Structure formats: C-alpha cells, structure tokens
Amino acid sequence: MAIKIIRKEGDPVLRQVAKPVAEVTSHIQKLLTDLADTMYDAGNGIGLAATQIGILKRCIVVDVGDGLIELVNPEVVTAEGEQVGPEGCLSMPGKSGEVLRAYRVVVKGLNREGEAITITGEGMLARCLLHEIDHLDGILFTDRLVPEGTANKTAGKKR
C-alpha cells in the first residue's frame with residue numbers, strides 16, 4: 001500500500017497536460033494501485049488522476065460506489081445531455097461548487113492489463129469520469145463553475 005501526497009491547488013503540476021502512456025507496464029500497474037490506495041485513504045474521494053500525485057501520465061481511478069474503475073489513456077467518445085451538480089476535489093480541500101457536465105458519457109481507454117475497454121456512465125459516474133479526465137488536461141473543476149443563481153435552472157436536467 002503506497003499512499004502518495006495529493007498535490008494541492010496552486011501546485012503548477014495541476015495545470016499541466018499529462019502525457020499518453022505508450023504501454024501498460026508493471027510501473028503503470030503500480031501507479032494505478034497507488035492512485036486507488038491514495039484515493040481510498042483520503043476517505044472522501046471518488047476519483048483521482050495521476051497529475052494529482054505529481055505524475056504526468058494519463059491514468060485515472062474512480063469509484064462512485066460500484067467498484068473501482070482504472071483507466072489508462074481515457075478519452076471521451078461521446079457526451080450527451082446535461083446535469084448541474086456539486087463538485088469538490090481532493091486537491092482543493094474545503095472548496096466546492098456547482099458544475100455543468102454531460103449527463104451520459106462513453107469513455108474508452110485501457111485497463112490495467114493493457115486491454116481496450118469502454119465505460120458508459122450516467123449521472124455521478126459521468127461527472128466523476130469527466131472531472132478526472134479534466135485533471136489530465138490541466139483543468140480544475142473551479143474552471144467550470146456555473147455562475148451563481150443559474151444552477152437551479154438546469155439542475156437535474158437530462159437533455
């Protein structure tokens with residue numbers, strides 16, 4: 001079990017774009033394990049990207065309560081509908097806000113064995129996948145906050 005230090009807001013690595021992983025090796029498998037261990041150790045996280053522990057590799061883990069999903073080189077294939085809901089971030093403790101995200105996404109990537117997989121997520125899973133993929137592109141949830149007073153107009157919409 002390797003718990004890593006989660007980088008906090010203001011750390012320049014959080015604004016950098018992660019590099020694609022050329023091959024899923026034992027080092028990448030260990031990175032996925034470290035990400036999951038660190039996320040679970042934090043206690044209140046449902047996702048973590050490699051950039052959040054200072055590693056510029058396109059790897060994420062998410063667990064919204066249905067089991068761990070590990071993705072290497074995740075890419076959004078389709079995004080449909082809209083939802084507005086609260087988000088926070090392990091890199092920004094104590095901060096939260098309303099963010100507009102797609103309601104349903106299809107994401108492709110590689111699993112820990114290097115096999116191509118596709119994940120379809122709705123609601124919270126879609127939100128979490130998009131949040132973590134944003135991290136790989138140097139985007140924080142605070143960059144996507146909806147203006148105050150507009151969240152109720154679109155909250156819960158599934159268009």
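Residues are numbered from 1 along each chain as its sequence is written, and side-chain values use heavy atoms, with hydrogens and water left out. Because the model is predicted, local features need pLDDT of at least 70 and side-chain atom pairs count only at pLDDT 80 or more, whereas totals for chains, interfaces and linings use all residues.

E87 is located in strand β4, which covers residues 83-88; strands (E, at least two residues) and helices (H or I, at least four) are DSSP runs numbered from the N terminus. With a relative accessible area of 5%, E87 is buried, a class defined as under 20% relative accessible area, with exposed meaning over 50% and partly exposed lying in between (1.4 Å probe, protein chains only). The side chain of E87 makes a polar contact of 2.8 Å with the side chain of R101 and another, of 2.7 Å, with that of R127. A polar contact is here a pair of N or O atoms within 3.5 Å; within protein, one atom must be able to donate a hydrogen and the other to accept it, and residues adjacent in sequence count only if both atoms are side-chain atoms. When neighbours within four places in sequence are left aside, E87 is in contact (heavy atoms within 4.5 Å) with K95, S96, G97, V99, R101, R127, H131 and F141.

A salt bridge is taken as a side-chain nitrogen of Lys or Arg within 4 Å of a carboxyl oxygen of Asp or Glu, and by this rule the count comes to 13 salt bridges. In one of these, the side chains of R7 and D11 meet at 3.0 Å, N to O, and R7 is partly exposed at 28% relative accessibility. D143 forms a salt bridge with R15, with the closest N and O atoms 2.5 Å apart. This pair links distant parts of the chain, 128 residues apart, since D143 lies in the loop between α2 (124-136) and α3 (151-154) and R15 in the segment before α1 (26-42). Both partners are partly exposed, D143 with a relative accessible area of 43% and R15 with one of 45%. A salt bridge of 3.5 Å, N to O, also joins the side chains of R104 and E80, a pair 24 residues apart that links strand β6 (residues 104-110), which holds R104, to strand β3 (residues 69-80), which holds E80. R104 is partly exposed at 26%, as is E80 at 41%. Salt bridges that share partners join E87, R101, R127, D134 and R144 into one network.

No disulfides are counted under the criterion of a pair of cysteine sulfur atoms within 2.5 Å. The cysteine sulfur closest to that of C89 belongs to C128 and is 10 Å away, too far for a bond. C89 is buried at 12% relative accessibility, and C128 is buried with a relative accessible area of 4%.

The 13 residues of α2 should span 18 Å at 1.5 Å a residue, in agreement with the 19 Å between its end C-alpha atoms; the expected span is 1.5 Å times one less than the number of residues. Twelve of the 13 residues of α2 are buried, so the helix is largely enclosed by the rest of the structure. Among these buried residues are R127, C128, H131 and D134. Helix α2 is followed by G138, whose phi is positive, near 75 degrees.
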